[in-house]
Each structure stands twice: as C-alpha cells, then as structure tokens.
Amino acid sequence: MRGGDEILRIEGLCVYFYTYAGVVRAVEDLNLTIYRGETFALVGETGCGKSVTMRAVLRLVPPPGRIVKGRIIFDGVDLLKLPEKEMRKIRGSKISMVFQDPNTALDPLYTAGYQTTETILAHRKVSKKSAWQRALELFKVVEIPEPKRRLRAYPHELSGGMKQRVVTSIALSLNPKLLIADEPTTALDVTIQAQILELLRDLQRKYGVTLVMITHNMGVVADMADRVAVMYAGSVVEVADVYELFGNPLHPYTKGLLRAIPSLTSRNERLQSIPGTVPNMIRPPPGCKFHPRCEYAMDVCKRERPRMIDMGKGHLVACHLYS
Amino acid sequence: MAELKYYIIRRILTFLPTLIGLTLITFVVSMLVPGNPARLWAGGIKASPEVIEAVKKRYHLDEPLYMQYYYYLRNLLRGDLGVSPLTHRPVITDIMSYFPATVELAIFAELLVILMGIPLGIISALKRDSVIDHAVRVFSLIGVSVPVFWLGLMLQWLFYYYLGWLPAGGRGPAPPRIYTKLYVLDSLLCGRWDLFWSNVAHIILPAFTLAYIGVGMVARVTRSSVLDVLSSDFVIFLNVKGLSRLSVLRHVIKNALVPIVTILGLEFGGLLGGAVITETIFFWPGIGRYAVQGINSLDFPAIMGVTVLIGLIYIIVNLAVDLLYAVIDPRVRL
Ligand SMILES: Nc1ncnc2c1ncn2[C@@H]1O[C@H](COP(=O)(O)OP(=O)(O)OP(=O)(O)O)[C@@H](O)[C@H]1O
Ligand SMILES: [Mg+2]
C-alpha cells in the first residue's frame, strides 16, 4: 500500500478560529499524505484538531473557523482553489464523511430513503425511480434488515446503529474515493460499535474506498488501520505503519499515548490522559508544543519547532530527539 | 383517517369543560357588573316600571343567577345565543353579520404576518449582523414598543390625510353578489376588479396596523429558529452530501418552521378574537366593535355570545395547529 499513489496530500494547513477570546490555532502547519485504498487512522487527545482537519478537507470548517493557509491536494487538484460550486460537486460524490453521532446526522423531517435519494439526485442525472432503486441496493449493502420498509422510515423510527448504517449508505451512495469516518462508533452501544466497524472494514475491502478513521480508540486503530498519524495540539507529530507505530513509537507523546492504554485487545478503552494539560491553543507554547509535558525536553525544544524527519520505512516524526 | 376522526372527536370532548368554564366565568363577571340591565334594556331612565317588569320576565332576570345560567347554557347547546335586548335581534344573527368583516381583516393581517415575518426572519438569520438584520431588529422593536392606536392613527394621517392614497376607514363597497361574505374575495368571484381594488384599499391599513406586532415577532422567532437549525449537525451532513445551497436551505426552512406554526396559529386566534382598537380606529364593522358596543350598553347576551365565539375560535385554532404539526413533523403522533 505504501509507495502507492497518493489520493490526498495536505501541506502546511492552518485553520484558525477567530473567537472573542482570541485566535484559536486549531490546526497549524499540518502535513499529511494519504494513499489510495488504505485505511488511515488519525489519533490524538480531544481538542487536538482531528475533526477540524478533516472538515477542512471538505471545506466545511464551521464559523468562526477559517482555513488560513495551506494546500489540500485531492486527486491532483488543490481543493482550496476550487470555486464553491465545484467543491459541492466533490462533496458527497468524491469525498464523503460520517459523523460521531448518527442520531443528529439526519434531518428528522424526511425519510431515510428521501435523504439517500436526494444525494444521488444532486450529483447524477438519473430518474427518481432509479435513484430509489439505487437507495434500496445501498440499504442492502449496508445490511439494513427489511430495507424496503426502512426506506420509508423516518429517523426517529430507527435505532442508533440503524441510523449509522443509513448515514453510511448515504456517504457511500456515489462511490466516493475517500470516506472520512469521524469517531463513527463513539455514540453507539458496544455491540453495535463492533458491527459498524465490521461493516466499514467490509465496505473498504469490497469497494477499495480510502478510509480515514478519526478515533480515540487505540484498539480500533490496531484492528483496522494500515497507517496511523498522531496529532498533538493542531499538528501531526508522528506518522507510521500501524505495526511500526505500536512496535516502535518514537515521539514521546506517542509513547505516552500507548502507555496509557491497558491492552491493545480491549476495544473500549479510551485514551487515558498523559500528565500535564493540553496546551492553550490561543497562545501555544513556543518551540515544540509538547515540551511542557515532555520528560525528554531539551533547551532546543523550547526555542525551535521540530521539523518532520523521515526515519525510514515511511516512519515520520517531528521531534528534536531524532535530529 | 379513522385515527384522525377519533382524535378530533376526542379533542372536542376535552374542550367541552373548557367551554363551560369559560361561559360560567363570563356569566358571573357580567352579573357582578353594577348597573340595572332591565332598566337599560327597557329604554333607560324613562322606562315605565311595567315595561321593566316585562323585560325582567322575558329575560329571566327575576330568577336566581343559577337559573339564569341554566337557561343560557340550555339555549347555547341548542345553538341559541339569546336575543340582544339592544338590537332586538338574535345574537347569533348579529355575530354572523359582524364576524365576516373580522375574518376578512384577520386573514389579510395573517397573510401579511406570514409573507413578511417569515422571509424577514430567514433573511436576517442568513445575513446575520448585516444591515438587513439590524433593520429587522429595529422594526420588531418598534412593533412591540409602539401602541397600536398610535400606529393606526399615524398611518391614517399619512395615507389618508397627507398623501390621500387610501381611504380613512370603513369597509369597502359590497360586491353585487355575496358568496363568502369576504368582500375582497367576492369582488373577485363577481369579476369586478374595481370593487376588488377598492376593498383592498380599504383593508390594507387596518390589516397592516393589526399585523405589525406579529410581523416583528414572527421575524424574530423565525430568525432564532433558523439559526438554531443552521447550527445543528444534520445541516453539516446535508453539506457533506454536496447538496446545492438551495436544497440545504429548503431543509433548514422546513425544520425552522415547526416552532413557528404555533405562533402563527395563536396569532391568528388573537386576530380573529377581534381587534378592538384597530377596528375602532378604522371604523371597521367587525366583532371587536360589536363587543365594545355590547359592553357599553350592558348587553349580556352579546357579551357572552362574543366570548363563546372567541373561546370556540381558540379551540379550533389550537386543533388546527396540532393537526398542522402532525403534517409537517413526522415525530408528532396524534
Ligand atoms: N466552533 C469553534 N469555535 C472555536 N474553537 C473551535 C471550534 N471548533 C473547534 N474549535 C477548536 O478547535 C480545536 C480542535 O477541535 P476538534 O473538534 O478538531 O478536536 P478533535 O481532535 O476532533 O477532538 P475530539 O476528539 O474531542 O473530537 C479545539 O481545541 C477547539 O479549541
Ligand atoms: Mg472530533
């Protein structure tokens, strides 16, 4: 998979929120490359900017947030240079996203079928009838029992897991090349979580869609991902193959993260916190943002921001220990 | 459909006690008001004792209060609201002749509220903190802080006295054939454009006066409702799906309308209940005028007739609002 052609390259991305309290640097100088067909996991503590980064890819950063700088190259095109109308054509059809809480992702006033077909009709010149036909197929693909009846169901008539399947079918309705799943199971029951993950894995295999998983859950990462990026305070600090990352973590923050989980096999453990607090994103610490919490911090860490270093085998790390 | 029928029947049954309570309260209050109705109805100070006695007998005024209430209720259930001692006509006939004017005015005012309030609210939400948003805010503030009579008089002064564009008041000319008793509509049905425009010219100022507060209120509620919906997760997902701006807006507006339906309903109930001040300023021959007239002359049957009518209107409007809810919001079960 690695070395294959890239589908998404994010370069020097900065996303700031202009709040009354000040400018929140939610994402700062973030670099990331994702390859076609892989399952990529984005991990990090809460508030480190995972969701904002991936929403920036769709250019749907909520106000008062703004994409300030950077390039987002998707399939050879810089998305940040596209007019809004072109961007709408990409959303839903080439890049799609499922969210953490399926209970709030659907419009309560329309049926599941309507919300699926309207997506198809927005992108393809097909008849309503064939759109509904396609919706029915999709419901079967995501293993919704009694799909015909479910098409006509309103969101409040479906369970959480069922809603997540509907959302997934909508996200997949136009065979997107890239599917972003932002903690797709956090809001669901444990057993349902496993089912949804299984479904995503199946779909990924079957259709070869590139899957970006945002998660807190290292068990899920170990289970599903090919490669992993670790984010800290708005930037990526380490990227590696999943075995490499678990076997040979380099960044002190990654080491802390891995130490914090009791065992890789327990799926439901969320990340335990590492000593110290998440830095203030309005006035982040100078140099390496992790240095106030780092047990290996050196003088240089307080002055200079570390650059990404390639340690071989595609293992990248941004830490002064390795320069 | 059967479900719907049972629902409506159930609702009407639950409203019966409300209606009885309503009539009881107005009945007692109207009896507590000082004054001698028998004398008044008999023709005032000059009335002879014999005539006063006759009036007392005729309207059961010599019997105990509970008997008077009993007679009243019994007649009410027969659809008989009594006879107005003042006009010597059945109250129901009086109401039927005054009410259409009020209905027509209320419909026009409600249309103004809907057609101005909702779009203004949507625009100010979408263009938050823009000049339009601030302008709508000021407009609404004026609506709640300016007394209706002052607004009505100012409009009258401007459009009648100063500009001379519109008539000072009164209802427009009656069309040659009456179908619905709503003159604007009937003029159209008769194909008489001249009468249609004249009736519109007559109704526009009182309707606007009546609607003004509602427009501001509905605009404010719509604005906050739209903003509420805009920040909800499903709107993000609609955008993720790549829908056009217009399609997303359609979802947003439909969701935002759910809470507005109630306000529009109550507003309409209020408008139908008689716009006493507006009808007085613009000499509008509606139910509000009739009520004032009845109160001034201690015409109990008229007062109670109007009260029962208003109660009924609220019941019907409430029912209609609930049914409308069920239509737009699938989560609502009847
Ligand atoms: N609407 C907003 N206004 C102001 N700041 C925001 C807003 N949304 C996000 N942020 C800032 O962006 C930072 C990153 O948020 P983001 O939602 O991407 O975190 P996350 O990594 O997805 O966290 P979680 O794991 O809890 O989902 C947050 O620390 C927050 O300060
Ligand atoms: Mg998040």
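Colleague: What is the count of salt bridges between domain 1 of chain B and domain 2 of chain B?

Modeller: This is a predicted model, where local features need pLDDT of at least 70, side-chain atom pairs count only at pLDDT 80 or more, and totals for chains, interfaces and linings use all residues. Side-chain values use heavy atoms, without hydrogens and water; residues are numbered from 1 along each chain as its sequence is written, with chains lettered from A and ligands numbered from 1 in the order in which they are written. A salt bridge is a side-chain nitrogen of Lys or Arg within 4 Å of a carboxyl oxygen of Asp or Glu. Between domain 1 of chain B and domain 2 of chain B, the count is 0.

Colleague: How much area is buried between domain 1 of chain B and domain 2 of chain B?

Modeller: Buried area is the accessible area (1.4 Å probe) that two parts lose on being put together, summed over both. Carbon and sulfur atoms give 84% of it here. The total is about 1000 Å².

Colleague: How many salt bridges are there between chain B and chain A?

Modeller: Chain B and chain A bury about 2300 Å² between them. Phe237(B), Val240(B) and Lys241(B) supply 29% of the area that chain B buries against chain A, more than any other three residues. The salt bridge count between these chains is 1.

Colleague: Which residue forms a salt bridge with Lys241(B)?

Modeller: The closest N and O atoms of this pair are 3.0 Å apart. The partner lies in chain A: Glu118(A).
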